[in-house]
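Here's a quick briefing on one protein model. Have a look at the sequence and coordinates, then read on.

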Amino acid sequence: MTETVQKHAKRLHEQYIVLDAHFDLLMEVDLRRKLGYRKVIETEFLPILNAGGVSALVCSLFIESEYLPEMGLKMALDQVSALYSEIEESPDKIQLCTTYNDILDAHAHHKLAILLSLEGVDPLTNDLGLLQIFYRLGVRFVGLTWSRRNFAADGSHFHAVDEGHQGGLTEFGVRLVKEAEKLNMIIDVSHLNDVSLADVLERTNVPIIASHSNARSLASSMRNLTDEQIGELAIRGGVIGMNGFNSFVSDIYEDGDVSHLIDHLDYMVNLVGIEHVGIGLDICNFLSEIPLKPAGHTRDSYDVIASHRDLPIFTEELIRRGYSDGEIGLIIGGNFLNLYKKILR
C-alpha cells in the first residue's frame, strides 16, 4: 500500500529530531505559574508538542517593553526560575540542554529538550558581567535586540516607523559580541536592523544564526533578510529559521499560508543551499491576552502554522515539493543541530 503524505510526514517526525529554533514559551509559563498553575509545560504544552512530533525548542527570554528598563533583569530571571521549577516538577518530561550531546540525551530519554536564548539583551542593560551569569544559568543563544533599541544595538521594526537615524552596534554591543563568542554562545541576528547586522558580520567569522527570519525579496518587512545577508550568513555556516508570522510571510497579510512560508524556504535553498535553512516559527497564538485579529484584518491567527500540533502540515508540503527524506531531516532540525554541534560544547 502506498504511504500517504500524512503518514510519511509522521514517520519523518518520529525518525528525526524536530527542533523549533524560536518559541516564546517561558514568558507564558512564568505568567501562568504566578497565577498558581503548576506543571504548565507538562500539562498544557507537551500534549501539543508531542502531537506535532516536536523534540526540541529554543525558548526565548523575552521582556515586554512596559517592564523596561527597570524590571528587565527581574523578568528574565523569573522566566529562568519558572523553567527550573517546571523541570523539578516534571523531571522525566523536560530537560534543560546546554550542549549538543544534552539534546541527544534528552531525545534518547523521550524528554523535551529546551535550550535558552536571550531575545534582546535588555536584561543586561550595559553590564557585560551579567552575560556570564545568564550563561551559568543555561543560556546559550544571544539575540542582541528585539525590535527596539537597547544598550547593544538598534533593532529592526516590523513596519516602517517615524524615528531618527538608525544606529548599529554600540561600543557595548561590540564587546558583547566578543564575549559571547568567547563563551561559545551562538549569536542570533533576527531583529537586528541592517546596520547592526552588518556590524556583527564585520566582527565575527563564526557561524551565526537568524533564528526566525524570512526572505525580504518575498515579503518586504525589514524583519526579513536581504539576499546579501542570507548569503553572508551562509558563508559563515549559519542557519536561518523560517518564521510563520503572517506579516513576514506575505505582504498581503490575508494571503499568508504554509505554502507561502515554504516559498521562502525554497528561495533560500536555491540561493545558498539546503544546509542553511530550518524552522523558527515564532508561534504566538497561545500567548495570553494577545489580540488575534489586528485592526483591519479578519484572519483568525497571526501565524500561518497556528500551533505546533499543526507542524506536520509544513513537512507534508515539503514532501509534496519533492524534498527527499534526508533533506527534510536537515530542514526540520538537522541543520540547526549540526551548527549546535560545532559550538555548544
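**Briefing: buried spots, a helix pair and the voids**

C59 sits in strand β2 (residues 56-61); helices (H or I, at least four residues) and strands (E, at least two) are DSSP runs, numbered from the N terminus. This is a predicted model, where local features need pLDDT of at least 70, side-chain atom pairs count only at pLDDT 80 or more, and totals for chains, interfaces and linings use all residues. Residues are numbered from 1 along each chain as its sequence is written, and side-chain values use heavy atoms, with hydrogens and water left out.

**Buried residues and what they touch**

- C59 has a relative accessible area of 0%, so it is buried (buried is under 20% relative accessible area, exposed over 50%, partly exposed in between, with a 1.4 Å probe and protein chains only).
- Leaving aside neighbours within four places in sequence, C59 is in contact with F23, L25, L26, I114, L115, L116 and S117, where contact means heavy atoms within 4.5 Å.
- C59 and M27 are 32 residues apart in sequence, yet their C-alpha atoms are 9.4 Å apart in space.
- H13 belongs to helix α1 and counts as buried at 6% relative accessibility.
- Not counting residues up to four places away in sequence, H13 touches V18, G52, G53, L311, P312, T315 and I332.
- Helix α8 (residues 194-203) has S196, L197, D199, V200 and L201 as its buried residues.
- Those buried residues of α8 pack against α7 (171-182), β6 (186-188) and α9 (227-235).

**The α2/α4 pair**

- Two packed helices are described by the angle between their axes and the distance between the axes.
- For helix α2 (residues 25-34) and helix α4 (residues 72-89), the axes come within 9 Å and cross at roughly 75 degrees; axes here are lines fitted to C-alpha atoms, for helices over the stretch in contact, and angles run from 0 to 180 degrees between N-to-C directions.
- That makes α2 and α4 roughly perpendicular to each other (under 35 degrees is roughly parallel, over 145 roughly antiparallel, 65 to 115 roughly perpendicular, and the rest oblique).
- On the α2 side the meeting residues are L26, M27, V29, D30, R33 and K34, and on the α4 side they are K74, M75, D78, Q79, A82, L83, S85, E86 and E89.
- By class, this contact of α2 with α4 has six nonpolar, two polar and seven charged residues (Ala, Val, Leu, Ile, Met, Phe, Trp, Tyr, Cys and Pro count as nonpolar, Asp, Glu, Lys and Arg as charged, and the others, Gly among them, as polar).

**Cavities**

- How many cavities of 30 Å³ or more does the structure hold? There are two.
- On a 1 Å grid over the protein atoms alone, a cavity is a set of points where a 1.4 Å probe fits but cannot get out, a pocket is an open set with protein on both sides within 12 Å along at least five of seven lines, and lining residues have an atom within 4 Å of a point.
- The largest cavity has a volume of about 50 Å³; grid points are joined across faces, edges and corners, and a volume is the space filled by probe spheres set on the points.
- H22, S117, L118, E119, G143, T145, D188, S190, H191, S211 and H212 line the largest cavity, and strand β4 (residues 112-119) supplies the largest share, three residues.
- That lining divides into one nonpolar, eight polar and two charged residues.
- The second largest cavity comes in at about 40 Å³, and of its 13 lining residues, L192, M222, R223, N224 and L225 are the closest to its centre.
- Its lining has five nonpolar, five polar and three charged residues.

**Second largest pocket**

- This pocket holds about 400 Å³ of space.
- It is lined by 17 residues, with L49, N50, G53, V54 and S55 nearest its centre.
- Helices α1 (5-15) and α3 (40-51) are the elements that give two or more residues to the lining, and α3 gives the most, with four.
- By class, the pocket lining has six nonpolar, seven polar and four charged residues.

- The peptide bond from L68 to P69 is cis, with omega near 5 degrees, and P69 lies in the loop between β2 and α4.
- T125, a residue other than glycine, has a positive phi near 45 degrees.
- T125 lies in the loop between β4 and α6 (129-137) and is partly exposed, with a relative accessible area of 30%.
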